[in-house]
Amino acid sequence: MPELPEVETIRRTLEPLVRDQKITAVEVLDRTCVGFPDPESFQDRLAGHYVAGLERRGKYLIWELAQNRQPSGLVLVVHLRMTGRLVYKRADEPPDRYRRLVLRLENGDLVEYADLRRFGRLWLLSSDQQSAAAVTKTASSATEAAANGGPKGLWGLGPEPLAEEFSASYLRAVCTGRRAAIKSLLLAQEHVAGVGSIYADEALFRAGVHPARPAGTLDEREIGRLVDSLKSVLAEAIQHRGTTFSDYRDGRGRRGEFYDRLAVYGREGKPCPRCGSIISRGRAGGRSYRFCPQCQK
DNA sequence: AGACCCCTGCTG
DNA sequence: CAGCAGGGGTCT
């Protein structure tokens, strides 16, 4: 489940391998993974572009494209959802069993997009549209996005959790008056971008806050601890190149190493690393959470 | 704000 | 072999 640290790791590992390289050909093996435009136009328009650089926004990976050293006005946007992978390979390396799309590069290597569950999507969008949408959150850009079949979530993303903008005062403003569980609020990409189930659970554990607490009931100190915890767990996960449960791989096909440092996620029935109580599980807002009944009130 | 859907491997 | 998991979108 690639979340912010995993997508950031893919960005960092892939960028040096693809920057300034030409995409010579695009092979769409599974039409369902192309979100916009239609698969034929996607192939035709993307082929021939150079990769100017890779950016990340929330869980979205954004490929800046160029043509003849000039910005081409197009970006390739990728969301891996649950089981998507983006791996740089030599042409003679065996394909992933779930290979869905291939970007051929002029040096003979390729970038393989694979996705077991086929929830992931790729979109080829005009860059002014994408950047305008990233900074504004207006209804008009959202409408425009919908009309163009773009990635709707990208248009309404909240602040990056590692940016200063994501502060205790910001989170307090978001939580105030809300009865939804704090965990659901952390997962809502319009409030904070890039947090998924793993890091929401881990941050709540570190902050000592019960995941099902109505957001509005958190006091000032809890809000402060939660902001700090989220930032620290995300930064540490990036340092360890993400968390691999089964599917996630970085841009070079390697596993992430944060798995061993998880305190609660995937550890139900095991002892809490802090107090030894048994980690248990609950459900809020239609999504499950893991927590330590002793440490999280 | 919650139900349901997408999709497929794995679990009970 | 039904049911669950899960990011995020849609529909109610």
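Here is a quick tour, from the whole chain down to a few of its parts.

First, a word of caution: what you are looking at is a predicted model. Chain A folds into nine helices and 11 strands. Along its principal axes, the C-alpha trace spans about 55 × 45 × 30 Å. A compact globule of 297 residues would have a radius of gyration near 19 Å, and chain A comes in at 20 Å, so the two agree.

Now for the sheet. Four strands make up an open sheet in the order E1-E7-E8-E6, and their pairing is antiparallel. The edges are strand E1 (23–28) and strand E6 (84–89), each of which pairs on one side only. On average, neighbouring strands here are turned by 15 degrees against each other, ignoring direction. Helix H1 (residues 4–18) packs on this sheet, where H1 touches E6, E7 and strand E8 (110–115). The direction of H1 makes about 30 degrees with that of E6. Then there's helix H2 (residues 39–46), which lies across E1 and E7 and runs at about 165 degrees to E1.

| E1 (23–28) and E7 (residues 99–105) | Five bridges | Ile23 with Leu105 |

The E10 and E11 pair forms a hairpin with two residues between the strands. In that hairpin, look for Gly285, which takes a positive phi near 55 degrees.

Last stop: a pair of helices. How do helix H6 and helix H9 pack, and at what angle? Helix H6 (residues 168–175) and helix H9 (residues 220–239) meet at an angle of about 120 degrees, and their axes are 9 Å apart. Because of that angle, H6 counts as oblique to H9. The crossing of H6 past H9 is right-handed. On the H6 side, the contact is made by Ala168, Leu171, Arg172 and Cys175, while H9 brings Glu220, Ile223, Gly224, Leu226 and Val227. Sorted by class, this contact of H6 with H9 has six nonpolar, one polar and two charged residues.

Methods:
Residues are numbered from 1 along each chain as its sequence is written. Chains are lettered from A and ligands numbered from 1 in the order in which they are written. This is a predicted model: local features need pLDDT of at least 70, side-chain atom pairs count only at pLDDT 80 or more; totals for chains, interfaces and linings use all residues. Side-chain values use heavy atoms; hydrogens and water are left out. Two strands pair if DSSP finds at least two bridges between them. Axes are lines fitted to C-alpha atoms, for helices over the stretch in contact, and angles run from 0 to 180 degrees between N-to-C directions. Contact means heavy atoms within 4.5 Å. Angles under 35 degrees count as roughly parallel, over 145 as roughly antiparallel, 65 to 115 as roughly perpendicular and the rest as oblique. A crossing is left-handed if the near helix is turned anticlockwise from the far one by less than a right angle, and right-handed if clockwise. Ala, Val, Leu, Ile, Met, Phe, Trp, Tyr, Cys and Pro count as nonpolar, Asp, Glu, Lys and Arg as charged, and the others, Gly among them, as polar. The radius of gyration is taken over C-alpha atoms; the globule rule is 2.2 Å times the number of residues to the power 0.38.
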